[in-house]
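Please open the structure in your viewer and keep the selection panel at hand. The tour below goes stop by stop.

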Amino acid sequence: MAEKFDAIVVGAGPSGNAAAYTLAKSGLKVLQLERGEYPGSKNVQGAILYSDALERIIPDFREDAPLERHIIEQRMWVLDDESFVGTHYRSDEFNKPPYNRYTIIRAQFDKWFSQKAQEAGALLLCETTVSDLIMDGDRVVGVQTDRLGGSVHADIVILADGVNSVLARKAGFRPELNPGDVALAVKEIHFMPEETIQSRFNISGESGVVIEMVGKITKGMMGTGFLYTNKESLTIGVGCMLSDFKKQKVSPNQLLEEMKNHPSIKPLIEGGEMKEYAAHLIPEGGYKAIPQIYGEGWMIVGDSGMFVNAVHREGSNLAMTTGRIAAETIIELAEKQKPFSARNLAAYREKLDASFVMKDLKKYRNMPGIFHRNPQFFTTYPELVNQAAHTMIKVDGIDKKTKEREIRNSFTHRRSLFGLMGDAFKMWRAFE
Amino acid sequence: MHIVVCIKQVPDSAQIRVHPVTNTIMRQGVPAIVNPYDLFSLEEALRLKDIHGGRVTVITMGPPQAEAALRKCISFGADEAILVTDRAFAGADTLATSYALATAIAQIAKDQAVDMVFCGKQTIDGDTAQVGPGIAKRMDMQLLTYVSQVDSLDITSRTVQVQRRAEGGVQVLTTRLPCLVTMLEGTNEMRFATMDNMFRAARYQLKVWDRVAAGIEDVSKIGLKGSPTVVSKVFAPQAKTQRAEIIDSESGEPRDLALTLISKLFTQHPAMSEAVVKQSA
């Protein structure tokens with residue numbers, strides 16, 4: 001049986017679901033293929049949901065989406081071995097609906113999102129792996145799955161198959177993953193009573209706190225740690241560049257174990273029962289790592305297209321936005337009865353260029369390279385900043401002016417004046 | 001040949017948790033699967049259909065969400081699927097369940113006579129192994145339990161030969177149709193669904209039967225009313241295992257790690273240490 005669809009979406013994560021939902025809602029005949037047992041069964045994220053991107057797809061998502069806590073406080077910690085210097089931003093503005101950000105559990109959230117796509121009319125088949133693209137010359141005309149009689153045809157194939165995107169690599173749309181362009185993140189979910197979470201984090205009801213961490217916890221590797229509050233659990237994790245793990249020969253689980261034992265973190269998770277352990281790759285190569293994202297009869301969305309803003313810890317919103325914009329591009333072409341040729345699909349890239357997706361990624365295009373070459377941002381500076389805070393706060397009979405000099409000297413001693421100026425310039429370049 | 005396969009949707013017991021305070025099973029968030037033994041029986045039924053032709057009907061009694069389990073069976077190649085669901089069934093024990101299922105199967109037989117019924121040996125959540133035999137008794141069918149494989153089926157003489165795993169060996173048994181077989185694990189493996197069947201399952205319209213549609217008139221025989229079994233207490237046995245410990249040494253050398261491990265073992269189990277000393281002496 002040669003079933004034919006208007007569009008095939010490979011993958012049922014945020015980008016695939018956004019694309020399938022948008023396409024199906026417009027009345028197109030959509031097939032979505034997911035290799036996991038159910039949508040979300042293989043997906044891993046911190047996870048923070050940014051409302052805006054989803055609101056543009058499903059405006060009333062708050063009515064039934066499985067959400068954990070809305071975030072009212074963001075903490076940023078710079079850690080040394082036994083201390084941290086941090087800023088906390090908490091605003092009651094974030095405690096007024098409609099809420100801007102939520103913590104979520106992806107296994108539940110993805111199931112819900114996929115259900116919405118199915119209700120809109122998309123046909124979903126799980127436990128079905130797409131092994132190859134079916135080509136007619138240089139045009140993609142369908143997919144080959146691992147099942148008997150498994151070829152299905154479509155006018156357009158959207159690759160939403162995640163960071164590894166075996167399909168895009170096999171088809172030559174994307175190069176092999178470069179270990180310097182992906183982070184490996186590990187996380188655990190620790191269950192504890194709601195009241196404990198509320199009292200530990202000074203929150204009530206369903207409001208929540210997010211802690212983002214940088215510093216000695218990553219042992220000089222380029223990466224960050226995080227701790228999120230869910231309804232009845234905490235998510236704690238850490239991620240570093242794959243190339244750094246390789247170089248430093250540190251195992252991710254060991255890194256997380258040590259982070260959990262940091263004296264500032266340990267009391268927060270104490271007494272919890274670990275119920276889940278997960279690891280995943282995150283594409284963090286940024287703007288320069290984005291491959292060709294469209295061609296004759298195909299498009300790439302989400303992680304598969306390296307759409308992650310590592311600096312701001314944004315990824316799922318970029319995934320949903322690219323999925324939605326890809327779908328909208330297809331819908332517009334279909335309405336005008338234009339073919340899904342590379343030439344016509346170029347509108348997808350143009351729309352992304354004009355959106356926050358590419359604008360943000362372009363802004364930080366130099367950041368990965370700068371941080372790769374300058375590990376002091378993850379080692380020396382966290383140490384110095386913590387030492388400085390310690391020196392100023394400790395009361396020990398030494399006058400403040402001497403203390404200030406000591407701090408200044410510690411900085412110039414470790415990095416030299418030129419080093420400091422150079423680093424400041426690099427930081428400015430990275431964030432310009 | 002018309003084969004009916006009884007299945008049940010169960011929580012994946014490998015992932016189940018017991019609530020520490022109430023001692024009840026926490027079903028929330030635990031994935032639901034088709035009872036593994038039922039899949040062995042479905043596969044065996046499908047193999048018979050492959051050889052002899054005919055029809056395989058899958059039936060379950062359960063809550064509306066059991067639909068997913070039935071759909072899965074359609075994807076493997078079952079022809080029809082019937083969900084028997086009604087609030088009146090709530091709280092049923094094996095006596096009430098076998099009554100409801102036997103009545104529903106009799107209802108199916110009105111459409112086309114049923115030659116064989118397959119059940120799993122037992123479910124992994126109830127572990128009673130009573131429902132299959134209960135159905136056979138109520139329907140006055142030959143009963144073959146603990147079957148590891150169906151050797152042959154002769155349609156003209158209406159006989160079936162099976163291997164039954166028994167204490168001390170394997171019995172080769174022959175009986176006449178109609179019969180009910182409860183299947184063990186291990187001699188077959190569920191096939192990988194074809195793309196056509198995946199599409200069919202995704203679009204299949206299930207038959208949903210309430211009590212009346214299933215042909216059940218006597219409500220005193222179903223649900224809580226029809227269940228003499230009383231669960232007087234549920235408790236979780238104390239976990240006996242100790243938590244794992246991560247052993248590390250300063251140098252990280254395998255030799256040092258081994259020494260640390262051995263000294264830890266000997267400290268915790270002096271008897272072991274003594275035995276080793278004695279042996280080396």
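What follows is a list of selections in a predicted model, with a note on what is found at each.

**Stop 1: where the chains touch.** Show chains A and B together. Eight residues of chain B are in contact with ten residues of chain A. On the chain B side, six of the residues are nonpolar, one is polar and one is charged.

**Stop 2: the domains of chain B.** Select residues 2-221 of chain B for domain 1, then 242-281 for domain 2. The centres of these two domains, taken over C-alpha atoms, are separated by 51 Å.

**Stop 3: strand S12 of chain B.** Select residues 179-183 of chain B. Four of the five residues in this strand are buried, so S12(B) is largely enclosed by the rest of the structure.

Step back to the loop between strand S11 (169-176) and S12 of chain B, where Pro178(B) is located. The peptide bond from Leu177(B) to Pro178(B) is cis, with omega near -5 degrees.

Stop 4: Select Asp140(B), in the loop between helix H4 (131-139) and S9. Asp140(B) is not a glycine, yet its phi is positive, about 55 degrees. Is this residue buried or exposed? Asp140(B) counts as exposed, with 8 C-beta neighbours inside 10 Å.

**Stop 5: helix H7 of chain A.** Select residues 252-260 of chain A and colour Leu255(A), Leu256(A), Met259(A) and Lys260(A), the buried residues of this helix. They lie on the same side of H7(A), because they cover an arc of only 135 degrees around the axis. Their packing partners in chain A are strands S11 (182-191), S13 (223-229) and S14 (233-241), and helix H8 (266-269).

In the loop between helix H6 (242-248) and H7 of chain A, pick Lys249(A). This residue has a positive phi of about 55 degrees without being a glycine, and Lys249(A) is exposed, with 6 other C-beta atoms within 10 Å.

**Stop 6: the largest nonpolar core.** This core holds 178 residues, of which Ile158(A), Met299(A) and Ala100(B) touch the most other members. Helix H3 of chain B, residues 94-111, gives the most to the core, with eight residues. Centre the view on Met299(A): its contacts beyond four places in sequence include Ile156(A), Ile158(A), Leu345(A) and Tyr348(A).

Notes: Residues numbered from 1 in each chain as written. Chains lettered and ligands numbered in written order. Predicted model: local features only at pLDDT ≥ 70, side-chain atom pairs only at ≥ 80, totals over all residues. Contact = placed C-beta atoms within 7 Å. Nonpolar A, V, L, I, M, F, W, Y, C, P; charged D, E, K, R; others polar. Domains from an automatic or database assignment. Buried ≥ 20, exposed ≤ 12 C-beta atoms within 10 Å, placed from the backbone. Helix = DSSP H or I, 4+ residues; strand = E, 2+ residues; numbered from the N terminus. Arc of directions from axis to C-beta. Core = buried A, V, L, I, M, F, W, Y, C linked by C-beta atoms within 7 Å.
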